Every structure is written in C-alpha cells, then in structure tokens.
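Colleague: I'm new to this one and would like a close look at a single part. Could you pick a spot in the chain and walk me through its surroundings?

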Amino acid sequence: MKIQERTGAGAGRSAAPAQPSVGDRLPAPPRERKPALAALAVLLILVGALGATMLVLQAGDRIEVVKVTDEIQAGESVGDNVTSVMVAADDNINYIKWSQLGTLKTLKAKSTIYKDTVVMGQMFAKKASLPAGKAAVGLALKEGQYPSDIKAGDVVSAYRVGTSGSSSNSSDDNTGSSGTSSAGGGIVDNARVNTVEDDSDATVSTGNLSLTLLVDQADAAALASAAAAGEVAIVHVPGN
C-alpha cells in the first residue's frame with residue numbers, strides 16, 4: 001500500500017508544467033502593419049521623381065533671343081550690333097526672339113542699351129524718344145571741327161569757334177556775347193553723340209559731317225545758335 005501511494009504522488013508531480021528558464025525570451029507580439037504610411041512613402045517618392053523630371057524638361061526648354069554686342073544709344077536702332085544667345089524660356093519675360101530681329105531693326109531704343117544686354121520688348125519703340133530734360137541738337141561740321149574717330153555714344157564737349165563779333169569787342173565793351181556763346185567759349189561740357197551720319201553718304205568725302213548731340217535742355221539754345229553760324233567744334237572728353 002505504501003509503494004502505490006508513493007508512485008501515485010510521483011506521477012502527480014511530473015504532470016505539473018515546467019517553469020521557463022531564466023535565459024529564454026518571451027515570444028514577441030506580431031508587428032502592426034501600417035498601410036497608410038507605406039502609401040505615403042510611395043507617394044513622396046513619386047512626387048520627388050516628377051519634380052526632378054520637370055526641372056530637367058524646363059532646363060531643356062530654351063529659346064534663341066537677341067543680345068546686343070555694342071552700346072546702343074537712345075533713338076538708335078540695333079543695326080548689326082546683335083548676336084543670338086540661348087536662354088531658358090519664361091513667359092513672364094518679354095524676350096525678343098532671334099526670329100523677330102527684322103522687326104527689331106525697325107524700332108528705336110528708348111534709352112541707352114549697354115553692351116552684352118539681352119534685350120526685351122519694352123526697351124524699344126516705333127519712334128525715338130528723348131530722356132527727360134534732354135534735347136537733341138543737329139550739327140553740320142566741317143573737317144577739323146570734330147575728331148576723326150567720332151562715333152555714336154562718344155562723350156564730347158562743344159566749343160564756339162571763329163572770329164565773328166570778336167573784332168568789335170573791346171576791353172570796356174560789355175555788350176558782346178556771353179561767356180558760353182563768345183568765340184572760343186565753351187558751350188557744353190558733356191554731351192553725348194546720339195547719331196553720326198552714315199559713312200556711305202556723299203558729304204563725308206568732302207570732310208563734312210552731320211551728327212546729333214544729346215544735351216541738357218538748358219544748353220540747347222546756345223548750341224543751336226552756334227551751330228547755325230557754323231561756329232561749333234567738338235572734342236572728346238574723359239568718359240568715353
């Protein structure tokens with residue numbers, strides 16, 4: 001009887017669940033899937049790729065436009081002082097396309113356009129216009145009254161030359177011409193040559209030259225008076 005009781009007790013102990021050892025890990029719970037985040041990541045990748053593609057396409061969308069190769073004065077046309085350059089197309093910028101060069105040559109610059117400027121439509125008009133406070137005075141000069149290398153854009157000074165009225169002036173006669181209109185007096189300190197007569201004109205062969213000076217309105221009357229008398233000479237000054 002005692003042997004059977006011990007056997008039954010041993011059988012009961014062996015049926016109890018074994019405790020896990022200290023070194024064993026508990027099973028991890030399954031990861032929670034987040035399909036919304038995955039979809040967002042894919043969407044961001046697609047947007048980035050699309051943006052990069054658009055930048056590449058825009059960089060390749062270039063147009064041929066007009067750039068001036070020499071300074072263009074107010075009232076002048078571009079003539080042959082142009083070249084073509086490629087720029088990125090932009091509907092917000094009024095570029096003048098190279099294909100529009102023929103029309104551009106019929107227009108006049110509203111103000112000075114400097115060398116290497118990419119020109120735009122608003123820089124030109126059908127008729128020449130003068131800057132505020134300026135006047136254009138035409139001169140017909142003889143050989144010796146102008147520098148031989150004079151050209152549009154040059155900065156010059158104008159002087160009254162000749163002897164008209166000088167013989168009648170005396171030391172005590174104060175009724176003669178004023179300082180800016182007397183013989184040998186300066187008329188304009190800094191004037192800009194706006195236009196010069198084309199070298200192909202027949203009058204150039206005689207040494208005569210016609211040009212237009214852009215001067216302050218306050219100096220226009222004195223310069224025009226001296227020009228009408230044929231008593232104007234011009235010289236280059238610093239600033240060219």
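Modeller: Here is a look at Val 119, with the whole chain as background and Arg 160 as a second stop.

A word on the ground rules: this is a predicted model, where local features need pLDDT of at least 70, side-chain atom pairs count only at pLDDT 80 or more, and totals for chains, interfaces and linings use all residues. Residues are numbered from 1 along each chain as its sequence is written, and side-chain values use heavy atoms, leaving out hydrogens and water.

The protein chain has 4 helices and 9 strands; these are DSSP runs numbered from the N terminus, helices being H or I with at least four residues and strands E with at least two. Of its 240 residues, 25% are buried, meaning under 20% relative accessible area with a 1.4 Å probe, protein chains only.

Now to Val 119, which sits in the loop between β3 (108–109) and β4 (124–125). Val 119 counts as buried because its relative accessibility is 0%. Leaving aside residues up to four places away in sequence, Val 119 touches Val 66, Val 68, Tyr 95, Ile 96, Leu 104, Ile 113 and Phe 124, where contact means heavy atoms within 4.5 Å. Then there's Val 82: 37 residues from Val 119 in sequence, with 9.7 Å from C-alpha to C-alpha.

As for Arg 160, you'll find it in strand β6 (residues 155–160). Arg 160 has 11% relative accessibility, so it counts as buried.

Definitions and conventions: Buried means under 20% relative accessible area, exposed over 50%, partly exposed in between (1.4 Å probe, protein chains only).
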